[in-house]
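This report describes a ligand site and a sheet. The sequence and structure are shown first.

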Amino acid sequence: MAKIRYEGYCEGEPTRLVREKFGNANVYGQQTKSLLTKATGFIAAYDFTLNPYRGCQYGCSYCYAAAFSPNDKMRQDWGNWVIFKENAEEVLSKELYKWYAKNPQTPPRIYMSSVTDPYQPFESRYGLTRRLLEVMLEVRDNGYPTPTLVIQTRSPIITRDIDYLQRFQRLRINMSIPTGSELVRKDFEPRSPSIKARFNAISIIQQKIDAFKGFVPKISITITPLLPTLLTDETSFIDKLAIADRIVIQDFHPSHNRSLIASTRPEANTVKPKYAWWYASEESSYIKFKEKLVSRLTHVEIKEGKEGFGYE
Ligand code: SF4
């Protein structure tokens, strides 16, 4: 099949035009043949990953997902383009019923998302993730159990969907908060929501979901990768983490320049020297921070890497 040539990222005549500009991003639409992808690697505990979009407007400096961009130019311009999957609802519905035809009593375990944020800014207008939640919930009307779902995000936009979230019997929300310092966040992920907005989003979910009316989700905070937190912010950050039932920490992915292999973007490495007090002895900084988590958060599970990404 001929390679798609995206307007703005190709030589010669594009085959895919920009549909609109949304904030900083060129938005493209694309048909897809499949939406559920067999889960492998650090999320191999799931049956499928589900990515409603390709690309992510948050454009975090360390994002390993940039490696899965359609071409080199788009990889280098990570954060400035988004591709939405036009026929996603229809495809997901077909794939789910195919699963239930073989496994009528076993809900699929789905991890949403592995290479995008399902609640990135464009979702606030387009609502694709919301419509996919609806498709997953509709299976109940046909007597099937709703999927076990993990939502990985750093976005408060998720609170828009509390009405749907509370209908999932087995839901874990992984809120990504890699640092307790705004200064550090702005250096490593300047376009992302503030740390305060992310903690607020968790509080809102916990306050609004009533165990008598819906199912209360499990909440993880994923500190992945573990970024420095300034000493002045450390104690209050760790105390706030007690809002979750699980904390997951992880190092940076190794850096290299190859496509289709998860890898920390070089942009993150240009920020690191500013935090030499942490990165000069990164391993020991990591261990000390982990020890503080373990000693202060006695009622919270502390897990590392792959072990922390399971649903249970
Ligand atoms: S929010 Fe996640 S997917 Fe998006 S750029 Fe940041 S790390 Fe990558």
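Which residues are around the ligand? Cys56, Tyr58, Gly59, Cys60, Cys63, Trp78, Thr116, Asp117 and Arg154 are, a residue being near a molecule if one of its heavy atoms lies within 4 Å of it. The model is predicted: local features need pLDDT of at least 70 and side-chain atom pairs count only at pLDDT 80 or more, while totals for chains, interfaces and linings use all residues. Residues are numbered from 1 along each chain as its sequence is written, and side-chain values use heavy atoms, with hydrogens and water left out.

The shell around the ligand divides by class as follows.

| Class | Residues in the shell |
|---|---|
| Nonpolar (Ala, Val, Leu, Ile, Met, Phe, Trp, Tyr, Cys and Pro) | 5 residues |
| Polar (the others, Gly among them) | 2 residues |

Strands are DSSP runs (E, at least two residues) numbered from the N terminus, and two strands pair if DSSP finds at least two bridges between them.

Strand 1 and strand 2 (residues 25-30) run antiparallel and are joined by 3 bridges. Lys21 stands opposite Asn26 in strand 2. The side chains of Asn26 and Lys21 make a polar contact at 3.1 Å (a pair of N or O atoms within 3.5 Å; within protein, one must be able to donate a hydrogen and the other to accept it, and residues adjacent in sequence count only if both atoms are side-chain atoms). Asn26 counts as buried because its relative accessibility is 12% (buried means under 20% relative accessible area, with a 1.4 Å probe and protein chains only).

Key
Helices (H or I, at least four residues) and strands (E, at least two) are DSSP runs, numbered from the N terminus. Buried means under 20% relative accessible area, exposed over 50%, partly exposed in between (1.4 Å probe, protein chains only).
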